[in-house]
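Visitor: Hi! I'm new to this, could you walk me through a protein structure?
Guide: Happy to, let's look together.

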Amino acid sequence: MIRTLTRTVAAAASVAALGGCALLSSPEPVSLHRFGAAPDSEIGAAGAPAGQVQVAMRRPEFVQAARDDRILGVTGTDAAYIAGARWVASADVLFSDALEDAFAAEARRVRLIGPRELTRAEQTLDVDVRTFEARYPAPGAIPTATIVARVRLLNAQERTVAADRIFAVEQPATANRVSAIVEAFDAATRDLNSQIVAWTDQNAR
């Protein structure tokens, strides 16, 4: 990430008056990461489902603290963002894209209509991600990527709930390093999304 350093006219004039080169402090490097992306070879691997059921997906809702591109860490009642690391896009966008990829690769009955499509469907998939955080049992300990989501299938016309379930996935990291924590989030997201696809296949009508 590049942060632009803004100077006032007065500051610029004083630097010019010195007649020398000013040394600017460099921003601390930030590593960018992603999670949940399926390999290209897996997308569409399931093929067109027989007796296809079309289900529209709303953009998943994310808990506010984990919604943007920062990686949330929690120790007991204390919460902070992991320094020096960010997602390549906001977590809710990456999660939504990963879930669409999971349906394309794994669904047997359902064709998911993503939030960018205008096609209408009889049922809607509503995903509310209530927890998306690295949980530390103690300061400096190895964390666990924890995701909790409430998923509902809604009947579009009647506005009633056809099916409702809370999913919870925990994936311990192998070390207290950013790369290991990202790998844990990636594995947890894939596990959760596979469960959501299977559950939707079973319950969609």
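Visitor: How many of the residues in strand S2 are buried?
Guide: Four of the five residues in S2 (residues 53–57) are buried, so this strand is mostly covered. Buried means under 20% relative accessible area, exposed means over 50%, and partly exposed lies in between, using a 1.4 Å probe and protein chains only. Strands (E, at least two residues) and helices (H or I, at least four) are DSSP runs, numbered from the N terminus.

Visitor: Where do these numbers come from?
Guide: This is a predicted model, where local features need pLDDT of at least 70 and side-chain atom pairs count only at pLDDT 80 or more, while totals for chains, interfaces and linings use all residues. Residues are numbered from 1 along each chain as its sequence is written, and side-chain values use heavy atoms, leaving out hydrogens and water.

Visitor: Which strands does S2 join?
Guide: S2 runs parallel to strand S6 (residues 110–113), with four bridges between them, and parallel to strand S7 (residues 123–136), with three bridges. Two strands pair if DSSP finds at least two bridges between them. Gln-54 has Arg-111 in S6 as its bridge partner, and Met-57 has Leu-125 in S7.

Visitor: What about Val-53, is it buried or exposed?
Guide: Val-53, found in S2, is buried because its relative accessible area is 11%. Leaving aside neighbours within four places in sequence, Val-53 is in contact with Arg-109, Val-110, Arg-111, Ala-204 and Arg-205. Contact means heavy atoms within 4.5 Å.

Visitor: And how far apart in space are Val-53 and Ala-121?
Guide: They are 8.7 Å apart, C-alpha to C-alpha, although 68 residues separate them in sequence.

Visitor: Zooming out, how many helices and strands does the chain have?
Guide: The protein chain has three helices and nine strands, in the order α-β-β-β-β-β-α-β-β-β-β-α along the sequence. Of its 205 residues, 38% are buried. Among contacts between residues at least 6 apart in sequence, 70% join residues at least 24 apart.

Visitor: Back to strands. What does S5 pair with?
Guide: S5 (residues 78–87) pairs with strand S1 (residues 31–33) in the parallel sense, over three bridges. Here His-33 stands opposite Trp-87. S5 is also joined to strand S4 (residues 70–75) by five bridges, and those two run antiparallel. Thr-75 has Asp-78 as its bridge partner in S5. The S4 and S5 hairpin has two residues between the strands, and Gly-76 takes a positive phi near 60 degrees there.

Visitor: Which residues touch the most others in the largest nonpolar core?
Guide: Trp-87, Phe-103, Leu-125 and Phe-132 touch the most other members of that core, which has 48 residues. Helix H3 (residues 178–203) gives the largest share, 10 residues. A nonpolar core is a set of buried Ala, Val, Leu, Ile, Met, Phe, Trp, Tyr and Cys residues joined through side-chain atoms within 4.5 Å.

Visitor: What is Phe-132 in contact with?
Guide: Setting aside neighbours within four places in sequence, its contacts include Phe-35, Phe-62, Leu-72, Trp-87, Ile-147 and Phe-185.
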